[in-house]
Amino acid sequence: MSPADSASAHDKPRAARAPRADAQRNRDRLLEVARVAFANAGDTVSLEGIAQQAGVGIGTLYRHFPNREALAEAVYAAELDDVTAAVEALLEQHPPEVALRAWMGRYAAFVATKRGMADTLRAGWASGRIAIPVTRERITGAIATLLARGVETGSLRADVEAADITVMLLGILLTTAGDTGEQTERLLDLMLDALRPSPVPR
C-alpha cells in the first residue's frame with residue numbers, strides 16, 4: 001500500500017466517526033431537554049419546542065425519535081436507569097435502612113414526574129409501537145439489593161420478600177396520586193417502620 005493509500009485508509013475512520021459523535025450529542029441533548037419538558041408540560045409538550053430548545057431541527061428529532069411515543073419511552077427508560085443505578089451510591093453514603101427510605105423517595109419523585117406523560121406511554125404500549133418496559137422487575141431488583149444489605153446488618157427484616165415491598169410501594173404511589181406529597185412521605189415512613197426488625201420475635 002502506498003503512503004497515499006495508507007493516509008486515505010487512516011482518514012476514513014476519522015471521517016466516519018465524527019457524524020456518529022455529533023448524532024449522539026444531538027440525541028443526548030434532545031433527551032436532556034425532553035426530560036424537563038415532559039416533567040413540566042406532560043403530554044402537552046411540543047416536539048417542535050423540544051427541538052428548538054435542544055438547538056436542532058425538527059427533522060433531527062424525528063431521526064432519533066420517529067414519534068412522540070418513542071421520545072416518551074426514551075425519557076422514561078433513561079430516568080428509570082438513573083433511579084435503579086442510584087442504589088449503590090445510596091448504600092455507600094447511608095446505612096441500608098436509610099438508603100432504602102431515600103431510594104423510595106427518589107422512586108416516588110420519578111413516578112410523580114411521569115404521570116404527565118402517562119397517556120402517551122400507555123398509548124404506545126397498547127398499540128405495540130413501543131416495548132412494554134420491565135419496570136416492576138427492575139424496581140424489585142433494586143429493592144432486593146437494599147433489602148439484602150439491611151438483612152446483613154440486622155437493620156431490615158429477613159422475613160420479607162423484595163416483591164412484597166414492590167407491591168406495597170406501588171400501592172402507596174397509586175393511591176396517593178395527585179396529593180401534595182405529604183401523605184406519600186408519611187406512608188413511606190410507616191412502610192419503612194414495618195420493615196424494621198421487631199424487638200419481639202414474631
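Aromatic pairs in this predicted model are counted for rings of Phe, Tyr and Trp (its six-membered ring) whose centres lie within 6.5 Å, with planes under 30 degrees apart classed as stacked, over 60 as edge-to-face and the rest as tilted. By this rule there are 3 aromatic pairs. One of them joins Trp-103 and Tyr-107, which are stacked with 5.7 Å from centre to centre and 0° between the planes. Ring pairs gather Tyr-76, Trp-103, Tyr-107 and Phe-110 into a cluster. Residues are numbered from 1 along each chain as its sequence is written. Because the model is predicted, local features need pLDDT of at least 70 and side-chain atom pairs count only at pLDDT 80 or more, while totals for chains, interfaces and linings use all residues; side-chain values use heavy atoms, with hydrogens and water left out.

Trp-103 and Tyr-107 both belong to helix H5 (residues 96–114), where they stand 4 residues apart, about one turn of the helix. Helices (H or I, at least four residues) and strands (E, at least two) are DSSP runs, numbered from the N terminus. A residue is called buried under 20% relative accessible area, exposed over 50% and partly exposed in between (1.4 Å probe, protein chains only). Trp-103 is buried because its relative accessibility is 0%, and Tyr-107 is buried because its value is 4%.

The chain as a whole contains 9 helices and 0 strands, and its pattern along the sequence reads α-α-α-α-α-α-α-α-α. Of its 202 residues, 38% count as buried. The chain exposes about 11200 Å², of which carbon and sulfur atoms supply 55%; these areas come from the Shrake-Rupley method with a 1.4 Å probe, and for residues only the protein chains shown count as cover. Contact means heavy atoms within 4.5 Å. Among contacts in the chain with a separation of 6 or more, 69% are between residues 24 or more positions apart.

A nonpolar core is a set of buried Ala, Val, Leu, Ile, Met, Phe, Trp, Tyr and Cys residues joined through side-chain atoms within 4.5 Å. The largest such core has 53 residues, and those with the most contacts inside it are Phe-38, Ile-50, Leu-71, Trp-103, Met-104, Tyr-107 and Leu-169. Two or more residues of this core come from each of helix H1 (3–41), helix H2 (47–54), helix H4 (68–93), H5, H7, H8 and H9. H4 gives the largest share, 12 residues. Ile-50, not counting residues up to four places away in sequence, touches Leu-30, Val-33, Ala-34, Ala-37, Val-45, Leu-61 and Leu-71.

Helix H7 can be followed next. The expected span of a helix is 1.5 Å times one less than its number of residues. H7 has 19 residues and reaches 28 Å from its first C-alpha to its last, close to the 27 Å expected. Its buried residues are Thr-135, Ile-139, Thr-140, Ala-142, Ile-143, Leu-146, Leu-147 and Gly-150. Seen down the axis of H7, these residues fall within an arc of 160°, so they line one face of the helix; the arc is that of the directions from the helix axis to the C-beta atoms. Glu-137 and Glu-152 are exposed on the other side of H7. The buried residues of H7 pack against H4, H5 and H8.

Ala-142 gives a local view of H7, in which it is found. Its relative accessible area is 6%, so Ala-142 is buried. Leaving aside neighbours within four places in sequence, Ala-142 is in contact with Val-87 and Trp-103. The C-alpha atoms of Ala-142 and Ala-86 are separated by 8.9 Å, although the two are 56 residues apart along the chain. After H7 comes Gly-154, with a positive phi near 80°.

Helix H8 (residues 162–175) has 14 residues and reaches 20 Å between its first and last C-alpha, close to the 20 Å expected. Buried in H8 are Ala-162, Ile-165, Thr-166, Leu-169, Leu-170, Ile-172 and Leu-173. They fall within an arc of 155° seen down the axis of H8, and therefore line one face of the helix. Leu-174 and Thr-175 are exposed on the other side of H8. The buried residues of H8 pack against H5, helix H7 (135–153) and helix H9 (182–195).

The buried residues of H9 are Thr-184, Leu-188, Met-191, Leu-192 and Leu-195. The buried residues of H9 pack against H5 and H8.
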